Amino acid sequence: MTAPHPDSLASARTPATVDVPSGTVPRAEDEVVRICRELLRIDTSNFGDGTGPGERRAAEYVMGLLHEVGLEPELFESEPGRASVVVRLEGADPTRPALVLHGHLDVVPAQAADWSVDPFAGEEIDGLLWGRGAVDMKDMDAMILAVVRQMVREGRKPARDVVVAFFADEEAGGVYGARYAVDHRPELFEGATEAISEVGGFSVEVGGRRAYLLQTAEKGIAWLRLVAEGRAGHGSQVNDDNAVTRLAEAVARIGAHHWPNTLTPTVDKLLRGVADLTGLRYDPEDPSSVAALVAALGPASRFVGATVRHTSNPTQLTAGYKANVIPGRAEAAIDARLLPGHEEEGFATLRALAGEHVRVEEIHRDIALEVPFEGDLVDAMVDSLLAEDPEATVLPYTLSGGTDNKSLARLGITGYGFAPLRLPGDLDFSGMFHGVDERVPVDSLRFGVRVLDRLLRTC
């Protein structure tokens, strides 16, 4: 764990200025890299147990940027230090349903010893910004802030009301962020029917062409605790009621289980699109055909490969306190991600795999989402991307993880993943989510603000 960069405290209090000619309104493209860098320098690591620094400093920095252009955002806390920021922009047609444009301010922890650079220094090296959150998701936060500031300075309104939100706690399920806001401050989202946020709209190379993956679905989350109880005793004795043995068998069954392919409508449409771009055969009943199409997505295959089936990974084990003492209780954690429309079936399988002697408890569970790749907002997102990259194509995809769109769905708000980035074909973008040496090209950030600005004007 690395201490915050020395500049981070100042950045949290007072937004820096950018040098522009006198009388010139700073453009989003001028500001986005600086804003992203300064956000990266604020350590908002979320350990999931309340021990991290929280999001307050980043929220105050965001407040300063919004206040500077005359907006009146609201900062609120679910717990001390767990801060979110929301502001509403009036649209050109306020009679239309509002759009929620949201990001999260927290990041997963980073071990400095594993990185090539200080993960909280916000360094720019060879045209890329490095730091924890560069792809998840302070890049999008910076794009939102830069575009909103430019629109307000120029006196432009979005096409409809836009609720701009920066949430706490997304990396631990959103309980202290989006979920808190939805449950305790639903009036902030009054009239909103759609939302856009992270992990979509980024480019990949497929069959020699650039394709943008627009997220229209995400898997459900089931973080589970397995609990086995047995007879405690001396390690030298015969014990046929050993909690560790029962737990180990359950963990092995779940971890080794081969989930069959189950292609949801979004995944099916994506694979058909990949087949069109590559000329590869698509047979949804043939696992080898599906695997070949997934592989054709290059680095993005990590995301997509986890969406053709359920997944269940053991992640933690806890038992005992001494080598010669058989404990009476043993526990394990499982991270299961379940496909839209098949969640109960997947959960029933997990219980069966755990077995009769192992109890399954929920640590955190949240819904899967899936919406059609169609409609006015989808058309506007596609058009905004193609206006900046006319030779590309846009395909839907399912996210293997989860976003704060799950919480907004509790209010009937339909969410999409759209953080537009045109990326080099050889950049393993998806591999950097929660990975080491996160970095984003500065040209991608500038591309993103152009697309996002166009979208807000037209959607």
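Me: How many salt bridges does the rule count here?
Reply: Bear in mind that this is a predicted model: local features need pLDDT of at least 70, side-chain atom pairs count only at pLDDT 80 or more, and totals for chains, interfaces and linings use all residues. Residues are numbered from 1 along each chain as its sequence is written, and side-chain values use heavy atoms, with hydrogens and water left out. A salt bridge here is a side-chain nitrogen of Lys or Arg within 4 Å of a carboxyl oxygen of Asp or Glu. By that rule the count is 46.

Me: Which residue forms a salt bridge with glutamate 29?
Reply: The closest N and O atoms of this pair are 3.1 Å apart. The two ends are distant in the chain, 421 residues apart, with glutamate 29 in helix α2 (residues 28-40) and its partner in helix α13 (residues 442-458); helices are DSSP runs of H or I, at least four residues, numbered from the N terminus. The partner is arginine 450.

Me: Is lysine 406 buried or exposed?
Reply: Lysine 406, in helix α12 (residues 405-408), pairs with glutamate 218 in strand β9 (residues 209-218), strands being DSSP runs of E, at least two residues. Their closest N and O atoms are 3.3 Å apart in a salt bridge. Buried means under 20% relative accessible area, exposed over 50% and partly exposed in between (1.4 Å probe, protein chains only). With a relative accessible area of 2%, lysine 406 is buried.

Me: Which glutamate forms a salt bridge with arginine 454?
Reply: Arginine 454 sits in helix α13 and its partner in helix α11 (residues 376-388), so the pair ties together parts 66 residues apart in sequence. Salt bridges that share partners join Arg27, Glu29, Asp30, Glu388, Arg450 and Arg454 into one network. At 3.4 Å between the closest N and O atoms, the partner is glutamate 388.

Me: What area is buried between domain 1 and domain 2?
Reply: The domains are 28-199 + 403-457 and 219-366, with bounds from an automatic or database domain assignment. In domain 1, Lys406, Asp428 and Ser430 lose the most area to domain 2, together 53% of what that side buries. Buried area is the accessible area (1.4 Å probe) that two parts lose on being put together, summed over both. Carbon and sulfur atoms give 57% of the total, which is about 840 Å².
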